[in-house]
Amino acid sequence: WPAFSDDIDAILALKRERNAVILAHNYQTPEIFHCVADIVGDSLALARKAMTVEAQVIVLAGVHFMAETAKLLNPDKTVLIPDLGAGCSLADSITAWDVRLMRERYPGVPVVTYVNTSAAVKAESDICCTSGNALAVVKSLGAPRVIMLPDEYLARNIAAQTKVEIIAWTGRCEVHERFTASDIQELREAYPGVTVLAHPECPPEVVAEADFAGSTAAMLDYVGQHKPARVALMTECSMSDNIAVEHPEIEFVRPCNLCPHMKRITLRNIRSALEENRHVVTIDPCVAERARWAVERMLFV
Ligand code: 13P
Ligand code: SF4
């Protein structure tokens, strides 16, 4: 990537100078994912690996809730997010107050909260989950009913795999809600033999129509293990771009949808983040303690 080489060189030097690491989500663009990231993965892997970071500075190439999770797990380190506007439609769909109202409405029912939420929402929860461990988290509670917030589709997709009654919220991922079952039927007609993988934030009809559903890490593993000749990933566009670099023999069929929040992170603002020490992620200590507990509890499931 010669067009990016100035920024890449500068970032590599700044990482050494500042004793910094870059954690990048699978939806980051290939030049970030392959050229400057130290740790890449899905939300679960990023949270797990954040616990083992020794560097003093963490740059989170991803969205704000991921940076907050890294800060929760590393209260004494500096966590930077290159663009404060990198949000998430799911995180924006619910407030701490909404969680308290749900608890009043369903007394005694445990609250499982997707990591795609603010620290304030996590602080009101019994345990967090990601798309990679949601079923295991729900089962670990041993309860007949759980409240699962805020992604309605993830909740319904998990409900289809368990006898536990799931009470959902109405949040949606603006990237995954746009895929439809007829998109997949059309793909199958246009690209015979295509293997279709869907993220569990997609509507249940899309998951039902796909060959496999799983987190971004599970999709990556699936492609690596099964090596389908043709594959369509019903998820964010950079996933296909990043895997295609490692599997030139596989035909990646698009369509895909872009996440405008993930795409706010660029090499240029990662460089500025390290040069200017911005934007420092802070969490109210009263919120942080309770939110950390919900995240850490998930990591032991
Ligand atoms: P995972 O990488 O955990 O599957 O999450 C996808 C996502 O939408 C993150 O914003
Ligand atoms: Fe949020 Fe969806 Fe973007 Fe992930 S892909 S950050 S869930 S809007």
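These legends walk you through several close-up views of a predicted model.

View 1. Start with Cys 88, Cys 173 and Cys 259, which the unreviewed UniProt entry annotates as "binding site".

View 2. You will find Cys 88 in the loop that runs between strand E4 (78-80) and helix H5 (96-105). Is Cys 88 buried or exposed? Cys 88 is buried, because 24 other C-beta atoms lie within 10 Å, and 20 or more are enough for that label. Leaving aside residues up to four places away in sequence, Cys 88 touches Val 63, Phe 65, Asn 116 and His 261.

**View 3. The surroundings of Cys 173.** Here the loop to look for lies between strand E8 (165-168) and helix H9 (181-190), and it holds Cys 173. Cys 173 counts as buried because it has 26 C-beta neighbours inside 10 Å. Its contacts, again without residues up to four places away in sequence, are Ser 89, Leu 90, Asp 151 and Glu 201.

**View 4. The shell around ligand 1.** Now move to ligand 1, which is surrounded by 13 residues. Which of them are the closest? They are Asp 42, Ser 43, Ser 131, Ser 215 and Thr 216. By class, this shell has 8 polar, 3 nonpolar and 2 charged residues.

**View 5. Where domain 2 meets domain 3.** Across their boundary, 11 residues of domain 2 are in contact with 13 residues of domain 3. On the domain 2 side, the touching residues comprise 4 nonpolar, 4 polar and 3 charged ones.

**View 6. Strand E5 and its two partners.** In a regular strand, side chains alternate between the two faces of the sheet. In strand E5 (residues 111-114), Val 111 and Thr 113 point one way while Val 112 and Tyr 114 point the other way, and all are buried. Strand E5 pairs in the parallel sense with strand E7 (residues 145-149) over 3 bridges, and Thr 113 stands opposite Leu 149 there. E5 also pairs in the parallel sense with strand E6 (residues 127-129), over 3 bridges. In E6, the bridge partner of Thr 113 is Cys 128.

View 7. Which residues of helix H13 (residues 267-276) are buried? They are Leu 267, Asn 269, Ile 270, Arg 271, Ala 273 and Leu 274. In an α-helix there are 3.6 residues a turn, so residues three or four places apart point the same way. The buried residues of H13 pack against helix H1 (5-18), strand E1 (20-25), helix H2 (30-35), strand E3 (57-61) and E4. Just after H13, look for Asn 277, which takes a positive phi of about 50 degrees.

Terms used:
Residues numbered from 1 in each chain as written. Chains lettered and ligands numbered in written order. Predicted model: local features only at pLDDT ≥ 70, side-chain atom pairs only at ≥ 80, totals over all residues. UniProt positions renumbered as here; feature names shortened; annotations may be inferred. Helix = DSSP H or I, 4+ residues; strand = E, 2+ residues; numbered from the N terminus. Buried ≥ 20, exposed ≤ 12 C-beta atoms within 10 Å, placed from the backbone. Contact = placed C-beta atoms within 7 Å. Nonpolar A, V, L, I, M, F, W, Y, C, P; charged D, E, K, R; others polar. Near = placed C-beta within 6 Å. Pairing = 2+ DSSP bridges.
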